[in-house]
There are 2 protein chains.
Amino acid sequence: MGDAALSAILPDQTHDHFMRDMHSPSEQDYIQQLSIDCVIFGYQDSQLSVLVPKLNFKGDFWALPSGFIYQNEGIDEAARRILETRTGIKDIYLEQFRVFGNAPRSNITFLERLIQLNEDTLGDQRFNRREFDWITRRFVSIGYYALVDISKVVPQKTEIDESIDWYPVRALPAMIMDHAEMVQSALHTLQLNLDEKLIAFNLLPELFTMRELQELYESIFDRAFPRNNFQKKILDLNVLERLEKKFTGAANKAPFLYRFRRENV
Amino acid sequence: MGDAALSAILPDQTHDHFMRDMHSPSEQDYIQQLSIDCVIFGYQDSQLSVLVPKLNFKGDFWALPSGFIYQNEGIDEAARRILETRTGIKDIYLEQFRVFGNAPRSNITFLERLIQLNEDTLGDQRFNRREFDWITRRFVSIGYYALVDISKVVPQKTEIDESIDWYPVRALPAMIMDHAEMVQSALHTLQLNLDEKLIAFNLLPELFTMRELQELYESIFDRAFPRNNFQKKILDLNVLERLEKKFTGAANKAPFLYRFRRENV
């Protein structure tokens, strides 16, 4: 968990607004001590980035988009709800990658530092320790990742964000708690599963060149692939259909166009 | 969750014994609505099996080894504790594969059927509904899988098991709740990650032939691999060291021996 908990310690006015609009977290509605954190990878212009909100508190805190699970809501459903809230698009392909559940995993240290830095605006009267006990307990968090086409996303701030932006996956800002580790773990899973999930991620235009596909792999693995090896590896996956050459004016240099086989889509 | 919940509805005498020896589950000790289920794959004689306890109740119920997470215990730690209890060996390589958390996922239907079938031994006076309310709520369960050498394992019954045995992965008995789906999901993860986890699983003798390695793959994927393709694929992983030929008397037919490269172990 990260930013979801913070809606509970907002200054009064914002908090009221938040409750009306978004159903502020309360103890009874959710499964206790369980949260979801989302690593939303974005791809555009051969670059791999992550969507990260900056919290609207003093101290420069970045936290992965997160949330809790309603008692009557499936975990995948909860993750889709969080992702839709943050990207504005439905039907995102997303998948669990790992559960983070070390024994000392708790928000308490982070929340105390945040409250200390923001004493003037949060004040004692606004932070009712008993009311938010449940938020400061140990949390087990289920990590989900998604990979989206950045051009299709309109990033959404929530009440507790100062901003929300795409950051290069290899140059992230300072993340709270274990969120930097979560991104690394999600990236590793993405690399492991890329061959199998290639079609589901739906990142390329309907027709694409081998070079465009190679650039996608290179941005995710952060290394160059020798061209011939790459082409062989991909064709061996047996998911591509080769079409006519792309028209570029110089026919002999034109690259072939590919699309994913229909039976695989 | 599966068998762990059942210790709470045992007949009195067995229950007392269980509490002394194994710390019977109670509401305060554990993270609520969160459990762990373990798919323990075993490999022996080129066969892939799963370790499954049969519950000591009328009705022929098989349930994956399972348990809860103590408030002061990491989730990996909890999974190792459960695995050690059931296999008698420490230092098992194990890994999360998926979280099961559909909204209607609850033990209540299964427990009610079990109580109905076992009324004569369980009786109303022994099943205090209020005390076990927490067990019948919706549970989110973290699935872990392990792959062990069957010859090194001494399967351990607990108080609530009639028996515990290895069953062929493709001929499992009738499993409770979504446990059959859990096994399928674990098997899929094992197949996806086998190349990467090959050394960690530690299933082969120190020196082995290409044929022995191929048999391991064939048992996990349940299909034949063409010999030349398999050998190329494995050598491309770059984790093997080729040693002298195995002495069989007929030198020209002797297979090479391999071992995993030391820097990878």
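Predicted model: local features only at pLDDT ≥ 70, side-chain atom pairs only at ≥ 80, totals over all residues.
Local features need pLDDT of at least 70, side-chain atom pairs count only at pLDDT 80 or more, and totals for chains, interfaces and linings use all residues. Residues are numbered from 1 along each chain as its sequence is written, chains are lettered from A in the order in which they are written, and side-chain values use heavy atoms, with hydrogens and water left out.

Let's start with chain A. Its secondary structure comes to 9 helices and 9 strands, taken as DSSP runs (H or I of at least four residues for helices, E of at least two for strands) and numbered from the N terminus. Of its 265 residues, 53% count as buried, meaning under 20% relative accessible area with a 1.4 Å probe, protein chains only. A contact is a pair of heavy atoms within 4.5 Å; among the contacts in chain A with a separation of 6 or more, 74% join residues 24 or more positions apart.

Now bring in chain B. A rotation of 180 degrees with 0.0 Å of shift along its axis superposes chain B on chain A, at an RMSD of 0.0 Å, using least squares on the C-alpha atoms of residues with pLDDT of at least 70 in both. The two copies are thus related as by a two-fold rotation axis. In chain B, the C-alpha of B:Q32 is nearest that axis, at 3.3 Å. The same surface serves both copies, since 100% of the contact residues of chain B recur in chain A.

How much area is buried between chain B and chain A? It is about 1900 Å², with 53% from carbon and sulfur atoms; this is the accessible area (1.4 Å probe) that the two parts lose on being put together, summed over both. B:Q71, B:V99 and B:R138 supply 24% of what chain B buries against chain A, more than any other three residues.

Finally, look at B:S219, which is found in helix 8 (residues 210–221) of chain B. At 9% relative accessibility, B:S219 counts as buried. The side chain of B:S219 reaches the backbone oxygen of B:L216 at 2.9 Å. Leaving aside residues up to four places away in sequence, B:S219 touches B:Y43, B:S46, B:L48 and B:R170.

Technical notes. Buried < 20%, exposed > 50% of the residue type's maximum accessible area, 1.4 Å probe, protein only. Polar contact = N/O pair within 3.5 Å; in protein donor to acceptor, adjacent residues only side chain to side chain.
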